[in-house]
Amino acid sequence: MSSSSSTAVVAEDDEPFRQPLPEMISDDASAFDNAATQTFAFSSGNPRIEETRGVMHLFSSSSSDNSNDGVVSSPSPNQNLPVGRKPLVCVLGVPNHMTYADFCQFCASFIQHILEMRIVRTDGMDDQYSVLIRFDSQDSADKFYQHFNGRQFNSLEEEVCHVLFTVDVQFTGYTGSLEHVQPAPASSTEQPSCPVCLERLDQDTSGILTTICNHSFHCSCISKWTDSSCPVCRYCQQQPEKSICFVCQTSENLWMCVICGFVGCGRYKGGHAIIHWKETEHCYSLELETQRVWDYAGDNYVHRLIQSKTDGKLVELNSHCLHGKDNCGSCDCVDSGTSDALLSSKVEAIVNEYNELLAAQLENQKIYYETLLQEAKEETEKIISEAVKKAIAQKLQKMQAKLDRCVTEKKFLDDLNENLLKNQEMWKAKISEIEEREKMALRAKDDKIQDSEAQLRDLMAYLEAEKTLQQLSISNEIKDGTVLPMSVESSTSTGTKGKGKKI
């Protein structure tokens with residue numbers, strides 16, 4: 001892993017990231033197929049250019065529980081660590097949203113003890129990657145395992161760091177162009193340089209990090225790169241989601257409109273891409289698998305550049321030779337001057353062709369979008385008109401309901417007022433009758449009082465007169481010396497007669 005291409009073969013047995021021999025995994029690998037180890041297949045590199053595959057053998061998480069084999073000993077920090085471990089660990093299941101700088105910051109406390117880190121893709125772990133780390137000593141590896149195993153990458157997320165000790169790493173294959181393979185002799189001591197600082201990649205001075213696309217950097221240099229892409233080739237570890245047809249959801253034979261980005265299937269599937277062209281007149285469509293552009297109006301390919309499978313660069317598509325037998329374009333039938341003239345004329349013709357295509361497409365798109373705008377305007381006006389009518393109808397309905405309610409209330413109040421007026425007249429008559437009766441009763445009462453007062457005066461006068469007469473009669477009798485008894489009946493009858501006269 002000391003070079004960016006990761007193709008050098010290291011002869012030492014203790015090199016953890018050794019490259020494979022032609023016979024790939026040997027029979028010694030069967031020694032790792034037991035209950036104490038786990039095997040994970042991995043790959044690295046840009047799949048469009050090159051890809052390196054391999055297998056890593058890791059101590060299982062349960063192997064540490066059986067490391068002591070029942071022997072009772074005094075507790076120590078390394079008691080639960082597997083026996084026969086090396087200063088080589090693997091961090092499994094790192095989420096893809098963590099950039100290289102984020103991971104370097106996560107393990108910053110041990111960065112000075114790290115000699116080498118390699119980012120790989122683990123088969124079967126989508127949206128995740130793994131990191132192989134080699135330390136300068138076994139003690140540093142043990143402390144890293146005890147500190148980070150089971151720890152969350154971020155307090156706001158649920159992902160947990162899983163650290164396992166690595167038994168062995170074996171590379172099993174390489175696919176890609178041979179131009180990228182630059183084998184160096186074992187005696188060569190020249191070291192590659194960091195693409196960022198241009199200094200030599202020396203493990204003794206600073207740690208080395210190899211990205212998932214097989215480019216190596218100093219850890220201190222890559223930690224300043226906040227993007228998830230590679231600083232050299234811009235390969236991003238966060239791969240985009242697999243495209244599907246917007247209509248039928250198929251993932252085969254997909255074409256993308258280069259004007260609006262619509263993704264549809266080809267004519268040999270559901271034909272939604274060509275249907276999109278007929279509906280929108282977007283005539284240029286990109287085939288996602290081959291990156292070639294198809295012109296529906298001209299019914300042919302119109303691209304001039306294609307992506308090289310060798311190094312991923314954009315190269316000019318070979319022109320057809322008119323003089324060769326197989327149209328290879330490699331004949332030497334013209335001299336250099338003629339070639340320059342032909343090249344200039346071709347370039348000018350291509351420029352004119354593209355200008356005409358762009359002008360035609362711009363005019364077509366102008367007409368198309370003006371039509372869309374007019375339709376949208378008419379639809380908007382229609383929607384507004386319907387909304388206004390609906391609002392007016394609703395408001396009129398509410399006002400009519402309110403008017404009906406007011407008319408009903410008015411009718412009720414009128415009936416109530418009429419009944420109250422009738423009751424008022426009736427009560428007025430009753431009150432007048434009662435007042436008249438009261439006046440008559442009061443007048444009769446006054447008359448009775450006056451008669452009673454007159455009778456009382458007469459009675460008082462009679463009593464006083466009778467008393468006077470009695471006094472006079474008594475005095476006369478005393479003078480005469482004769483006392484005559486008075487009949488009670490006569491006096492009573494006399495008083496009764498007097499009363500009859502007064503009344």
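Predicted model: local features only at pLDDT ≥ 70, side-chain atom pairs only at ≥ 80, totals over all residues.
Let me begin with a definition: by a contact I mean heavy atoms within 4.5 Å of each other. On that basis, among the contacts in the protein chain with a separation of 6 or more, 57% are between residues 24 or more positions apart.

Residues are numbered from 1 along each chain as its sequence is written, and side-chain values use heavy atoms, with hydrogens and water left out.

Now the overall picture. The secondary structure of the protein chain comes to six helices and 15 strands, where helices (H or I, at least four residues) and strands (E, at least two) are DSSP runs, numbered from the N terminus. Of its 503 residues, 28% count as buried, and here buried means under 20% relative accessible area, exposed means over 50%, and partly exposed lies in between, with a 1.4 Å probe and protein chains only. The accessible surface of the chain comes to about 33700 Å², and 55% of that belongs to carbon and sulfur atoms; these areas come from the Shrake-Rupley method with a 1.4 Å probe, and for residues only the protein chains shown count as cover.

Let me turn to strand 5, which covers residues 128-135. Seven of its eight residues are buried, so strand 5 is largely enclosed by the rest of the structure. Which strands does it pair with, given that two strands pair if DSSP finds at least two bridges between them? Strand 3, residues 88-95, is joined to strand 5 by six bridges and runs antiparallel to it, and in this pairing P95 has Q128 of strand 5 as its bridge partner. Strand 4, residues 114-122, is likewise joined to strand 5 by six bridges, again antiparallel, and here M117 has I133 as its partner. Strand 4 and strand 5 form a hairpin with five residues between them, and in the turn G124 has a positive phi of about 90°.

Next, two of the helices. In helix 2, residues 138-148, the buried residues are S140, A141, D142, F144, Y145 and F148, and after this helix comes G150, whose phi is positive, near 85°. In helix 4, residues 272-280, the buried residues are H272, A273, H276 and T280. Why do these four belong to the same side of helix 4? They cover an arc of only 105° around the axis, which puts them on the same side, the arc being that of the directions from the helix axis to the C-beta atoms. Just after helix 4, E281 takes a positive phi of about 65°.

That brings me to the charged side chains. Side chains of opposite charge can pair when their charged atoms come close. A salt bridge here is a side-chain nitrogen of Lys or Arg within 4 Å of a carboxyl oxygen of Asp or Glu, and a search of the whole structure finds 10 of them. One of these joins K269 and E252, at 3.0 Å from N to O. K269 lies in the loop between strand 10 (263-265) and helix 4, and E252 in the loop between helix 3 (219-222) and strand 9 (254-257), so the pair ties together parts that are 17 residues apart in sequence. K269 is partly exposed at 44% relative accessible area, and E252 is partly exposed at 46%.

Helix 5, residues 336-480, holds both K422 and E418, four residues apart, about one turn of the helix, and their side chains meet in a salt bridge at 3.9 Å, N to O. K422 is exposed, with a relative accessible area of 51%, whereas E418 is partly exposed at 41%. Helix 5 also holds E433 and R437, four residues apart, and in their salt bridge the closest N and O atoms are 3.0 Å apart. E433 counts as partly exposed at 47% relative accessibility, and R437 counts as partly exposed at 46%. Elsewhere, salt bridges that share partners join E51, R53, R121 and D123 into one network.

V258, I259, Y369 and L372 make a nonpolar surface patch of about 300 Å². Patches are made of residues with over 30% relative accessible area and no salt bridge, with like charges joined within 9 Å and nonpolar side chains (Val, Leu, Ile, Met, Phe, Trp, Tyr) within 5 Å. Y369 has its place in helix 5, and at 37% relative accessibility Y369 counts as partly exposed.

How values were computed
Pairing = 2+ DSSP bridges.
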